[in-house]
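Colleague: I am new to this one. Can you take me through it and say what each term rests on?

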There are 2 protein chains.
Amino acid sequence: MRLVTALLLSGALVFPQADLRATVSAWVDAHRLAVIDELRGLLAIPNVAADTPNIRRNAEHLREMMAKRGLAAEILETTGNPLVYGTLNTPGARRTILFYCHYDGQPVDPTKWRQPDPFTPVIRGDGPDARMFARSASDDKAPIVALLAALDALRTAGLAPTSNVEIILDGEEEAGSVSLVPAIARYRDRLRADLMIILDGPGHSSGRPTVAFGARGIATVNLTVYGPKSGVHSGNYGNWIPNPAMRLAALLASMKGDDGRVLVTGYYDGVGPFSAEERVMIDAVPDDSDRMLRTFGVAEPEKAFPKLQYAIQYPTLNIRGLASSFVGAGARTIIPDRATAALDLRLVKETPPDDLVAKLRAHIEKQGYHLVDRDPDDETHMKYSKLARLEVDGPPTNAFRTPVSDPQARAVVASLTRTFGQPPVQLRTLGGTVPIAPFIEALGFPAVTVPTVNFDNNQHEENENLRIATFLDSISVIAALLRM
Amino acid sequence: MRLVTALLLSGALVFPQADLRATVSAWVDAHRLAVIDELRGLLAIPNVAADTPNIRRNAEHLREMMAKRGLAAEILETTGNPLVYGTLNTPGARRTILFYCHYDGQPVDPTKWRQPDPFTPVIRGDGPDARMFARSASDDKAPIVALLAALDALRTAGLAPTSNVEIILDGEEEAGSVSLVPAIARYRDRLRADLMIILDGPGHSSGRPTVAFGARGIATVNLTVYGPKSGVHSGNYGNWIPNPAMRLAALLASMKGDDGRVLVTGYYDGVGPFSAEERVMIDAVPDDSDRMLRTFGVAEPEKAFPKLQYAIQYPTLNIRGLASSFVGAGARTIIPDRATAALDLRLVKETPPDDLVAKLRAHIEKQGYHLVDRDPDDETHMKYSKLARLEVDGPPTNAFRTPVSDPQARAVVASLTRTFGQPPVQLRTLGGTVPIAPFIEALGFPAVTVPTVNFDNNQHEENENLRIATFLDSISVIAALLRM
């Protein structure tokens, strides 16, 4: 009886989800200036992770924003920047959702922005494409404001969330969220939930609500091929002393086919084939390839992965940088002493970093190389005609992927479908990496990402911006999550 | 009758060449301090090509040094630094030799030298390995002083040169000798000879007199493979957007076999097979490969060219630099917009630069690339899936090579053989490039190089030095040339 009462009070049994969008939209229309103003005020507090005093000001401000709404709000101290935590229980709710956002932002170089101060928001443009320009406008302060606005809108409509709500706001995501996993041990009780929903990142370019079930991980490695101990004259010794840049080229070329497929043995082991359900989901993602290819100036994608949504289901072997001696003004006619490729390996759930790196090592050895773990000494130079080093460059971040069939994830999709009259864009995985993957792993319950801001927000760059119409629409998206 | 008198006077008919070395050595022993002092005085005048006032002081000083010996000496003005010219005729001589040296030197960074001033010579070491440290000690002022000392030694012995002697001293060799070819038109009458002998460069590491019949040329080119218009996120688009660094690697790898042999069609056309005479000459060069490999820290030379002297008979395709985005601190996880290899192609007589570059272009096109001659515009980006640019980077320098059978060149070898009791080290070609190759070509008569200074002279670098014993021995070598 108490359960039924609670559900009646919260409106869950009486309010048709199909009306939610219109209800929230009406509220947004009436309160848009106040919502935008609240965002503007939050953006005015500088939030580079290393700027400790301002990070603290952000945290205090956010705690107050939550408290004002009646959430039990507090600041959780960590070994790094503080977390802001809030909770709102709905009596009788049978699910707890942990919403994750971050309140820190990328560093800024004000000289590259069109406005004098990236922390003094500027609105430019008219009508549907009006945008607010400021650091963290999209990444990731807008979702915080939208989440609290969604709670306001529901309350005005007499609707409580259908789940217990927990909110955790990270203060160092752009610095790698290093204090997040250690904080779990300290705050385990506050971090129990059935589902984490990450409100971060750009939505699909179609503008439709988007749910992502995972993200690729990343490992970065440097591959160096050694030549003579120091550069030697290319005239006196050219054709005779082997060239490490040419050898690096051949070694890299041996790793990938002309079609873009990685040839390292076992690199794709365990990935695919995809189930019928997965294929349906992947194929249902709206294809805006042509527009993307035009934007990037690329005539044709890799032949092995003609469809982007399939391409990102596989791990990558990407050259992010090449260096050997000099090109351009400093170029000298020498056989260089070494050549290095900086690689990044995007990981999927089935391909942990150690495994891929081990396969890469085996491949290099199979090409006749002796691998060293530091620059070779004279003796090593004379002992091996092919010398290389594969150096893991910083700790890897694992991939995460919540099963498509997970009931909590399905509930997210179902609620968005009911609210918007069509299923959201469902991404089996994002191509990129989220630093909170270890946090997801450590929490031990499923997580999905609901990215809500405009895809062209110039995230991480100068002139970061938020399309205001998309932002205001996202309040309905989040309301649907609160009422799932 | 007058001819016989002249020859008697010059000692050509009465003086056995086998005694020349002892005679000159005795003179050198008696005059070593004066010779070293003359060199020291010359080295004390700074000689960086761009330092016009000091270059002029060098030229005046050198003109006086020649005039003091009774040479008709003058300064020849050019569009750049002045040439110093001297001539000494021997009545009845049937051959005219043009000796070429240069009096300018490489720029200096005094902070990297062990001595305060690279233009204040310092002698270090005792006994046979005593060395004089100064800019241009070896490259190329020592040969000038040795040449004039050889004339002094012969005169003291009552021996005239057996050829008419012309000396031309270049004032901008280290800056590319750009005024040299234009000067020919103006001074054609002074530059007629039967043979040019270039006194420049390090002798063979065996310390034996050395004659080189040619030098490889050089063309430098930059090869760029284009990717997306600007770098794109390697997570969001990895596996889908082709990576230009990987494509450059594959393209470079297609150009050379694992054994170091160039696979570009026709690259070696016209080179070899070598005649029996050439093979004898190449095989007779003392092999100090093991020492060189140890010095460089290389376990094994290219399999296609295990012998250095054969390796340098062929044109090269050398990667002197690689660049794409960043490696190390600035590395970003992107698919770069482009990747560039800086290449140098060492040329031999049979492989002119235009021809090799055309073959390289054809090879790149055969790999499916559309070649552009500037950065591609949007339309070009969308039209071709494989885009590259091959840019010739500055004017090439041709190879030169005087035929091994050339009578004047044979006379040089014969004279050195008679004087030293064994044939000199004969190099069919040097591996490196000499900027005066166009000068040789324009003059139209044969040229050989007789490099006389120690091989380990740190030429072009800090702490350039001259092994004094080698320098003093070179006076006998040059005397043999004057008496050939």
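Modeller: Start with strand β12 of chain B, residues 318-325. Keep in mind that this is a predicted model.

Colleague: What makes β12(B) largely enclosed by the rest of the structure?

Modeller: The burial count. A residue is buried if 20 or more other C-beta atoms lie within 10 Å of its own. Eight of the eight residues of β12(B) are buried, so the strand is largely enclosed.

Colleague: Which strands does β12(B) pair with?

Modeller: One partner is strand β12 of chain A, residues 318-325, in the antiparallel sense over five bridges. Another is strand β14 of chain B, residues 338-347, also antiparallel and over five bridges. Two strands pair if at least two bridges are found between them. Five bridges meet that for β12(A) with β12(B), and five meet it for β12(B) with β14(B).

Colleague: How many residues does each chain bring to the contact?

Modeller: Chain B brings 70 residues and chain A brings 70. On the chain B side, β12(B) gives the most, with eight residues. By class, that side has 35 nonpolar, 22 polar and 13 charged residues.

Colleague: How do you know that the copies meet through the same surface?

Modeller: Compare the two sides. 100% of the interface residues of chain B are also interface residues in chain A, so the surface is the same.

Colleague: Why are the copies said to be related as by a two-fold rotation axis?

Modeller: Look at the superposition. A rotation of 180° with 0.1 Å of shift along its axis places chain B on chain A, with an RMSD of 0.2 Å. The two copies are therefore related as by a two-fold rotation axis. In chain B, the C-alpha nearest that axis belongs to A249(B), 2.1 Å away from it.

Colleague: Now chain A. What is the strand order in its open three-stranded sheet?

Modeller: The order is β4-β5-β20, with antiparallel pairing. β4 (122-124) and β20 (465-467) of chain A each have a single partner strand, so they stand at the edges with one side lacking a neighbour in the sheet. Neighbouring strands are turned by 25° against each other on average, direction ignored.

Colleague: What makes β5(A) and β20(A) a pair?

Modeller: At least two bridges are needed. Strand β5 (residues 131-133) of chain A and β20(A) have three, in the antiparallel sense. In one of these links, F133(A) has N465(A) as its bridge partner in β20(A).

Colleague: Which helices touch this sheet?

Modeller: Helix α4 (residues 137-156) of chain A packs on it, touching β5 and β20 of chain A, at about 50° to β20(A). Helix α15 (residues 468-482) of chain A lies across β5 and β20 of chain A, at about 65° to β20(A).

Colleague: Why is S136(B) called buried?

Modeller: The cut-off is 20 or more neighbours. S136(B) has 30 C-beta neighbours inside 10 Å, so S136(B) counts as buried. S136(B) lies in the loop between β5 (131-133) and α4 of chain B. Its phi is positive, about 75°, although S136(B) is not a glycine.

Colleague: And what makes S177(B) buried?

Modeller: S177(B) has 25 other C-beta atoms within 10 Å, so S177(B) passes too. S177(B) has a positive phi of about 50° without being a glycine.

Notes:
Residues are numbered from 1 along each chain as its sequence is written. Chains are lettered from A and ligands numbered from 1 in the order in which they are written. This is a predicted model: local features need pLDDT of at least 70, side-chain atom pairs count only at pLDDT 80 or more; totals for chains, interfaces and linings use all residues. A residue is buried if 20 or more other C-beta atoms lie within 10 Å of its own, exposed if 12 or fewer, and partly exposed in between; C-beta atoms are placed from the backbone. Helices (H or I, at least four residues) and strands (E, at least two) are DSSP runs, numbered from the N terminus. Copies are superposed by least squares on the C-alpha atoms of residues with pLDDT of at least 70 in both. Two residues are in contact if their C-beta atoms, placed from the backbone, lie within 7 Å. Axes are lines fitted to C-alpha atoms, for helices over the stretch in contact, and angles run from 0 to 180 degrees between N-to-C directions. Ala, Val, Leu, Ile, Met, Phe, Trp, Tyr, Cys and Pro count as nonpolar, Asp, Glu, Lys and Arg as charged, and the others, Gly among them, as polar.
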